[in-house]
Amino acid sequence: MEAIDYSEEIDFHKYWLVFKRRFLPATLAFAGFFGLAAWYAFSQKTVYLAAAQLLLKTDNSSLTGVDNSTGTIDNVARKRDPLSTEVEIIISRPIIEKTIKTLNLRDKNGEFISPEFILKELSVKPIPGTDILTISYESFDPTWAERIVNTLIKVYIENDLQTNRAEAVAARDFIEKQLPKVEATVSQSEADLRKFKEANKVLDLQQEANIAVESIAKLEDEISQLQAQLAQINAESKGLRNKIGLDTQQAVAATSLRQSTGVQDALKQLQEIQAQLAVERTRFNDEYPTVAQLAFQEAALLKLLKERIAQVIGSQQSAPPVKSLLEFGPIQQQLTAELVQSEVQRLGLTSQLAVLRNTQSSYKERSRVLPKLEQNQRELERRVAAAQATYQILLSKLQETRVAENQNVGNALVISEAIVPEEPIQIPINLILAGGAFAGILVAIATAFLIDLLDKSVHTLKELKELFRYTLLGVIPDYGKLVSTSYFAGSSQQNVFPIFPRDLPRSVVGEAYQILQANLKFISSDRPLQSIVVTSSVPKEGKSHVCANLAAAMAQVGRRVLLIDADLRYPSQHHLWELTNSLGLSDILVGEAQFHQAKREVMTGLDVLMAGVIPPNPVAILDSQKMALLMQKFSREYDCVIIDTPALAGMADAPILGKMADGILLVARPEKTDSARANAAMEILNSSGQNVLGLVTNGVIFKNEPDGYIYRNRENYTLPDFSQEKAECK
């Protein structure tokens, strides 16, 4: 969808009309400001200007290792503005007071003059993009201007030197007090580092860490190899144990017993007895004395063998079965020897593996501690380095402060001294006058619009339409001055206006009334209007003249019209029609006359009923049954009844008659009403439930209206020569 622009159009013609209406106060405001500017320009005295220039040196050297400096200022490229700081120092009260005392500047009472007396004519400004300050002073005496500038520069440079020296002395005292503390801090930091290394046996933590990593990796390889060998030996031992039927301890014990002579003798005797016993048992039973004797010897030898075995291997060690010892041949002996050898190797590998693992654990434990030790060592080393660096800086700055304490060079260098000016300052009279004129124009415009804003009067047709918001039925041009100078030229009558449809039918005003009556005719298509009440919000808006001309316009188109002057307070229709007000509406309502006696025919198809005698209470006779009956009678006898009533402001006549008629026609005139009275009139009409037919604007000056607002060209509204029109009518 296309965007709708609700922005209000700038109406330059409206602004011009506002300025035109307020021309006098705007002119006075302009004249006042321009006069002040002229008075100021021509009242200026001859003033001389003396100026000098200072170069502010830049050096980033520092005495204490921090950003502040002594003897120099920072470059203007930094975020802070040192030139502005120096400007404030130059114009500070102590510098100005010292300058005044140096020059012995006193007032009439013999007292030193106030610093403000110097400051109001003194100017200290930096030259953009440079480190140069311009110091200037204006005075009526050129010699004094030069002396004040040069003396001020001298005082500032002396103050700068004293300030720099004081800063150097303060810096030196501070450094001398800090040096012993910093030296003690260095010694303490070095001692802490040495104690740390001794306590933790630290030489080179980085090298130690590298060695630990390499050693752990090497130990990992060795442990892996030993574990492989140990696994192989365990497998061999298991196979040997399965073959000989003995475990490792029993095999070791069997080897030891094999080497014992006593055990071997007992085994040999036991074997012989057992052989004899086996032979005898084949021949005899167990009760046979020989068998029993041999069994007894066998038991005794077994007991002896166990005792000797216990003596050899001890009671805690597991002994191999006696049967195994008896069956122990060369193969079993060899296998047992191999099993024992394998066990020896296994024990050796196990012991070696334990040693390697302990060593690996030690390295790992040390490697876990190394990062913490390294962190602590670095912290101690940083403390030592920081303390040593601070100590070296303070030593260096101490030498610098001693040099700066005796220097005679300040921040500022005089580039050019002030000289006695020979020519005064040129006063820009034309510029001042131009500025005064420009300011006067702005004030004049502001004055005009402010007065117009405070004025609640309605000035144009456009404002009237926007204010009332009723249908605009007719626009009657302004004709007052032209009528008074042309139509009634030479006439002795005053306040008499022409009836345009009758007297000047071809005039633009006559055409406007014809348009009005046509619009009223078409406003109600279902039923023609038979009675119309004409009123206005305030008096003097021309409603009576509108009634007369509207009635004449309707009569000219062949309608029978009755014009009633219902303004029983200030009647005026008899003046417009040049009649006498002897009989009229009031006389009919009180029964003093009949309608046919009071009415007057003023032109074909148009009768006029005057107001008659002014009653003491007009509302009482208008708001009556008789008046309502008269309105019904008039509506039957005439095509249209037009009723001229008083204005709505404070009077109830128009609302009363409006309820008896078909509607109310509201007349408004620019410059005669204001927004407050217009709103009050609309409130009366709305609260009384009136049928407002529309709005008629009277006395409109078309040149005051915005371009294009009037539906006809302005050339068409140019009024003709009324004297010629009148001659033609006669």
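Lysine 540 sits in the loop between strand E6 (531-536) and helix H18 (543-556). Helices (H or I, at least four residues) and strands (E, at least two) are DSSP runs, numbered from the N terminus. The model is predicted: local features need pLDDT of at least 70, side-chain atom pairs count only at pLDDT 80 or more, and totals for chains, interfaces and linings use all residues. Residues are numbered from 1 along each chain as its sequence is written, and side-chain values use heavy atoms, with hydrogens and water left out.

**Positive phi**

Lysine 540 is not a glycine, yet has a positive phi of about 65°. Its relative accessible area is 71%, so lysine 540 is exposed. Here buried means under 20% relative accessible area, exposed over 50%, and partly exposed in between (1.4 Å probe, protein chains only). Arginine 469 also is not a glycine and has a positive phi, of about 60°. Arginine 469 lies in the loop between helix H14 (461-468) and strand E5 (472-477). With a relative accessible area of 64%, arginine 469 is exposed.

**Salt bridges**

The count comes to eight salt bridges. A salt bridge is a side-chain nitrogen of Lys or Arg within 4 Å of a carboxyl oxygen of Asp or Glu. Among them are these:

| Pair | Closest N and O atoms |
|---|---|
| Arginine 93 and glutamate 97 | 2.9 Å |
| Arginine 93 and glutamate 116 | 3.3 Å |
| Arginine 569 and aspartate 653 | 2.9 Å |

The arginine 569 pair links distant parts of the chain, 84 residues apart. Arginine 569 is in the loop between strand E7 (561-565) and helix H19 (573-576), and aspartate 653 is in helix H24 (residues 653-660). Arginine 569 is partly exposed at 26% relative accessible area. Aspartate 653 is buried at 0%.

Salt bridges with shared partners join Arg93, Glu97 and Glu116 into one network. Arginine 93 and glutamate 97 are four residues apart in helix H4 (residues 93-103), so about one helical turn separates them. Arginine 93 is partly exposed, at 45% relative accessibility. Glutamate 97 is partly exposed, with a relative accessible area of 31%. Glutamate 116 is in helix H5 (residues 115-119), so its pair with arginine 93 in helix H4 ties together parts 23 residues apart in sequence.

**Cysteines**

The count of disulfides is zero. A disulfide is a pair of cysteine sulfur atoms within 2.5 Å. Cysteine 547 is buried, with a relative accessible area of 0%. Cysteine 640 is buried at 1% relative accessibility.
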